[in-house]
Amino acid sequence: MTLHGKAPHTPRVCGHCCTSIDSLTVAFGRGIVLKDVNLRINCGELVAIVGPNGAGKTTLLKAILGEVPYTGSIRFSIRGFICPAPRIGYVPQKLNFDSDSPISVSDFMSSAISRHPVWLGVRPSLRRKCNAALERFSAEHLLKRRLGELSGGELQRVLLAMAMTPVPDILLLDEPVSGIDAKGLSVFYRTVCDLRREHDVSIIMVTHDLPAIAPHADRMVFIRQSILAEGKPSEVLANANLIVSLGSNLWTISQFSESVVKSEDDHDRPLP
Amino acid sequence: MIDLCHRVIESATVLECLKYDFMKRALLAVSLGTPMFALLGTMVVSNRMVFFSDVLGHSALTGVAIGVILGLADPLWSTLVFAVILAIGVNVFRRATHAANDTVLGVFLATVVALGIVILSRGGGFAKFSSYLIGDILAVTPQQLAILGILLAVVLAYWVVAANGLVLVSISPSLARSRGMSSFLIETSFAVLLAVVVTFSIRLVGILMINSLLVLPAAAARNLSCDVRSYTLWTVGLSLFSGFAGLFASYYWGTATGATIVLFSAAFYIVAAVCGGWWRGRTLAQS
């Protein structure tokens, strides 16, 4: 698979795979984090979840992962059949490990994709598999490096490579662009878009980077405890209520929403 | 040639102490115990459970005290049950309250130590329990050796099944969750296993030293290794070496064995911390 400069083709959306979230409510103690969220995400669809800090965006992803208790329902169906445990690829917002951890990139990937104990060493076949996964994201040179030595961008590529091995039904990305420089950013968005097209993966991306995601997302969902706006990125960004609620970001977004409207026409065109 | 003969004779004098049965048993105990501690220690350090395992060790004070109150002939069982309940309790409590890890553990540590001392010191009789503080590996019984052997087998089996999960949880519990692993199950099962091993070993190495035996070799090995395999190998190697060196040194110096072993591990830690960067660079350049 190549990631860049490939001829465009219609997404292979089968229309029968989806994630249905119905009346999802999450509460920690007395505080309600998410309230009555209803959302349907089809396969091959890139949905951007936006909203202010503390709006419950990460919690939504954790509910989908089954990591936090919730009321309501989250159901997955694949090719028309209910699937209780879909394959989920997940790129967390931040990792919480000591930078001197003696864990190499190949250890990290192997521990997730194989049952062979990593302390007995990574088998050559598994190493090749990790290498192939990293190659897709031009990160194969990182295989032997310790996880703690990687830069933000390098770590992001490793995490994405891991999330895509094996190819998941749903890809959850939690603010995946923090710590990536401008050049890495455009590569990252292209990569994500290509993944969606080629593998028919549902992608749910939590992000603050509205200008960058808007041209790529099929839908944008604005969350603050519950869904306040949902639709095409231009529609959501044009929503006056949203702009007011974002407060300090007012200027950037209102300026930006115009450029989005313009760029939305060439939405499905390949990126230069 | 003469030099070589001298060395052989010297090494024979070191091993001379092995004519005693208690030294043979102690040597066997070290050979079984230190690799087991080493394996557990790698993940105790990686998963930031150093303070937690310290609490487990100290909980033996309360465990023994409960055994004394219940009138048990051997307080081992009350110690074991208490440590396991504590291990599960701390994990549940931490998740339920979202409180800072070290604060919660500090509270637990203070409580179990104070409770144990209060009960054991009733009537001024704490001195007879002081053997729990230091332990005595030279007094190891064949029965204890058998238990150590079984525990080592259990730890190895657990390591084959669960080590990958522990590695992943040490990096990101959410990521582990996305791979269908429950971080609660992994952390709690590890904590329970740790509780069992620590409890059985208290008699041999003592409450004060047990955590150092778990933590120091792994802490030293972290400086020298670039991946999980070399981390494990280094930890087991350093553990065994410190164990043997400490055992023989304590025989000739007449010192407590557990503490002597720990001093050797500490020396390795200092060397590893100083030379670690250079060593890792060399290893990477070679590979």
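Author: Strands here are DSSP runs of E with at least two residues, numbered from the N terminus, and two of them pair if DSSP finds at least two bridges between them. This is a predicted model, in which local features need pLDDT of at least 70, side-chain atom pairs count only at pLDDT 80 or more, and totals for chains, interfaces and linings use all residues. Residues are numbered from 1 along each chain as its sequence is written, while chains are lettered from A and ligands numbered from 1 in the order in which they are written.

Reader: Which strands of the open sheet in chain A stand at the edges?

Author: Six strands of chain A form this open sheet of mixed pairing, in the order 6-7-8-3-9-10. One side of each edge strand has no neighbour in the sheet, because each has a single partner strand; the two in chain A are strand 6 and strand 10 (226-231).

Reader: What is the bridge partner of Tyr90(A) in strand 7 of chain A?

Author: Strand 6 (residues 88-91) of chain A pairs with strand 7 (residues 170-174) of chain A in the parallel sense, over four bridges. Both faces of strand 6 are covered: Ile88(A) and Tyr90(A) on one side, Gly89(A) and Val91(A) on the other, are all buried (20 or more other C-beta atoms, placed from the backbone, within 10 Å of the residue's own). In strand 7 of chain A, Tyr90(A) has as its bridge partner Leu172(A).

Key
Buried ≥ 20, exposed ≤ 12 C-beta atoms within 10 Å, placed from the backbone.
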